[in-house]
Protein chains: 2
Amino acid sequence: MPRSTRRRPALAHPATEEIDLLDVLHALSDPTRMTIVRVLRAEPERACGTFPVDVAPSTLSHHFKVLRESGLITQREEANRRFSALRTVDLERRFPGLLDTVLAAYGRTGGGAEARGGGEACGGEDG
Amino acid sequence: MPRSTRRRPALAHPATEEIDLLDVLHALSDPTRMTIVRVLRAEPERACGTFPVDVAPSTLSHHFKVLRESGLITQREEANRRFSALRTVDLERRFPGLLDTVLAAYGRTGGGAEARGGGEACGGEDG
DNA sequence: ACGCCGTTTCGATGGATGTCGAACATCACA
DNA sequence: TGTGATGTTCGACATCCATCGAAACGGCGT
């Protein structure tokens, strides 16, 4: 156990082999969550409150919980901030090519030539 | 009134360019619908009532409607039967590789049972 | 120590969704 | 024309879900 005496239940994430495809698909079928995943794909990690989404903090927290429990993201605590990161390696091992294909597909739907090819330009309005 | 013409409103399907990724993902996130899609992938087309799912006819009809309106399948009327088929070409053009990747991923999730035409192992996983 | 800030949890709420049974429509067939 | 098979529509219902506001929690800065 780590030295930090956190009261929080240590943010349960599903194991790689327990990630359910239908849960992942469901998590991805929401616009807010899809935006989060897309942003996260272009950055190693990011604090919860800095995403370019337009919902209340409590709603955002709910979405992060759904994403985390579906196995799409991990969340790490640092001070009073919580950083989220895509579980790209786990996802790739569990469902090879899935994340890539879905995100590329959304790139076509959402506007076309953005958030692809390992570039950046994901933040939008973040400072 | 004319009887040779069909009273049915000709089953509206979305155009290829109008297929929404989030709708597709949502449609795919249901076990029953995933089963339907998986079966359909191994056959050119199939009558509605012949799918290895364990739900009431009205429920099945609802799922077909969701699949059709999301752009995943087409439905063709022949006599009093309705045949469904995957829109593989349209899907491939709209979201290259998506269907393939998702279905392959579900093959892993299902516990090793691949989607075949037989459909004996398909039932029982719906809600 | 106190208060601020980021985040989560709780409770509530309106809307979407999966499910069913019953009734209806259409076609094939005798 | 009547019956059976196939599938849809409707109404109802329980559940899930996205959303919000208010309150609580925890660490950091002043």
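View 1. Helices and strands here are DSSP runs, H or I of at least four residues for helices and E of at least two for strands, numbered from the N terminus. This is a predicted model, in which local features need pLDDT of at least 70, side-chain atom pairs count only at pLDDT 80 or more, and totals for chains, interfaces and linings use all residues. Residues are numbered from 1 along each chain as its sequence is written, while chains are lettered from A and ligands numbered from 1 in the order in which they are written. Most residues other than glycine have a negative phi. A:Ala79 is also exposed, with 5 other C-beta atoms within 10 Å.

**View 2. In chain B, B:Ala79 sits in the loop between β2 (73-78) and β3 (81-86).** Here phi is again positive for a residue other than glycine: B:Ala79 has a value near 60 degrees. B:Ala79 counts as exposed, with 5 C-beta neighbours inside 10 Å.

**View 3. Three strands of chain A make an open, antiparallel sheet in the order β1-β3-β2.** Which strands stand at the edges? They are β1 (46-47) and β2 (73-78) of chain A, each with a single partner strand, so one side of each has no neighbour in the sheet. Helix α2 (residues 31-41) of chain A packs on this sheet and touches β1, β2 and β3 of chain A; its direction makes about 80 degrees with that of β3(A). Such angles run from 0 to 180 degrees between N-to-C directions, along lines fitted to C-alpha atoms, for helices over the stretch in contact. Contact between two residues calls for C-beta atoms, placed from the backbone, within 7 Å.

**View 4. β1(A) pairs with β3 (residues 81-86) of chain A in the antiparallel sense.** Two bridges join these strands, and two strands pair if DSSP finds at least two bridges between them. Look for A:Arg46, which stands opposite A:Ser84 in β3(A).

**View 5. Helix α1 (residues 21-28) of chain B has buried residues, including B:Leu21 and B:Val24.** B:Leu25, B:Ala27 and B:Leu28 are buried in this helix as well. Seen down the axis of α1(B), the buried residues fall within an arc of 160 degrees, so they line one face of the helix. The arc is that of the directions from the helix axis to the C-beta atoms.

**View 6. The largest nonpolar core holds 50 residues.** A nonpolar core is a set of buried Ala, Val, Leu, Ile, Met, Phe, Trp, Tyr and Cys residues joined through C-beta atoms within 7 Å. Which members touch the most others? A:Leu28, A:Val102 and B:Leu28 do. α5(A) gives the most to this core, with six residues. Leaving aside residues up to four places away in sequence, A:Leu28 touches A:Arg33, A:Met34, A:Val37, A:Val102 and B:Leu25.

**View 7. Where the chains meet, 18 residues of chain B are in contact with 18 residues of chain A.** On the side of chain B that touches chain A, α1, α2 and α5 of chain B each give two or more residues. α5(B) gives the most to that side, with seven residues.

Terms used. A residue is buried if 20 or more other C-beta atoms lie within 10 Å of its own, exposed if 12 or fewer, and partly exposed in between; C-beta atoms are placed from the backbone.
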